[in-house]
Amino acid sequence: MFKITSLRASDGGGAVRIDIKRDGERKSECLYILASHQREYEFAKGDYPDEAYAVLCRLDGICRGVKSGRRILGYGANSRSALRMKLIGKGISPECADEAVEILSAEAGLDESGDALRLCELQIAKNIGARRILSYLRGRGYSDESLAGVKEYLAEVDFIPVCRKAIEKKYGGVPTDFDIKKKCIDYLLRQGFSYNEIKKAFEN
């Protein structure tokens, strides 16, 4: 058994602080749950069975996950998979991390397709080719579904000028020496450009 001794609003009304005291323990314990969960479960002062304590602990984990997730998203784009792993790395259980990610998605805090497209544009600005961009985004946990818009966007981009810029930035212009030209081609392939794009960039 345990007793809820007090409840009060927290986090600007977005969460509720619940103070509890468990049987046989001198110190009280403080847990936080989302305001939406409080409306759903309607916790109040009084005695509760141990089963309710397990529920409160799970809701506390979800609340901490949502708070951490908002801070993480404030620093930049994240895929659902990447955000989940970061939450787990901060001590949130996998189950609570999953629920936190769902809540963040529902409140429009997580737009995978839009975030992936913005990252794609940043990579193009760095003179990166399409193949490497897709590999980079998949490496950051973006699913094929969230990359559908990126693939359509990449199909419309003329990567020959992008490839030319990559050459000029790395070599100051199109190299004429055979060995340097070979190294340049290898470099451009690693940057994600196709043989055809490289060939036309050298010709222009």
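Leucine 7 stands opposite isoleucine 18 in strand 2, and that pair is a handy way into the sheet. This is a predicted model, so to speak of local features takes a pLDDT of at least 70, side-chain atom pairs count only at pLDDT 80 or more, and totals for chains, interfaces and linings use all residues. Residues are numbered from 1 along each chain as its sequence is written, and side-chain values use heavy atoms, with hydrogens and water left out.

Four strands make up an open sheet with antiparallel pairing, in the order 3-2-1-4. Strand 3 and strand 4 sit at the edges, each pairing on one side only. On average, neighbouring strands here are turned by 40° against each other, direction ignored. Helix 2 (residues 50-74) packs on this sheet and touches strand 1, strand 2, strand 3 and strand 4, with its direction at about 65° to that of strand 3. For those angles, axes are lines fitted to C-alpha atoms (for helices, over the stretch in contact), and values run from 0 to 180 degrees between N-to-C directions. Helices (H or I, at least four residues) and strands (E, at least two) are DSSP runs numbered from the N terminus, and two strands pair if DSSP finds at least two bridges between them.

Here are the pairings, strand by strand:

| Strands | Sense | Bridges |
|---|---|---|
| Strand 1 (residues 2-10) and strand 2 (residues 15-22) | antiparallel | eight bridges |
| Strand 2 and strand 3 (residues 29-34) | antiparallel | six bridges |
| Strand 1 and strand 4 (residues 46-48) | antiparallel | three bridges |

As for individual partners, lysine 3 has lysine 21 of strand 2 as its bridge partner. Alanine 15 stands opposite leucine 34 in strand 3, and isoleucine 4 stands opposite glycine 46 in strand 4.

Leucine 134 belongs to helix 6 (residues 130-139). Its relative accessible area is 15%, so leucine 134 is buried (buried means under 20%, exposed over 50%, partly exposed in between, with a 1.4 Å probe and protein chains only). Leaving aside neighbours within four places in sequence, leucine 134 is in contact (heavy atoms within 4.5 Å) with Val150, Lys151 and Leu154.

Glutamate 197 lies in helix 10 (residues 195-203). Glutamate 197 is buried yet has no salt bridge, and the nearest side chain of opposite charge, arginine 131, is 6.8 Å away. A salt bridge here needs a side-chain nitrogen of Lys or Arg within 4 Å of a carboxyl oxygen of Asp or Glu; Lys and Arg count as positive, Asp and Glu as negative, while His and the chain ends are not counted. Not counting residues up to four places away in sequence, glutamate 197 touches Phe159, Ile160 and Cys163.
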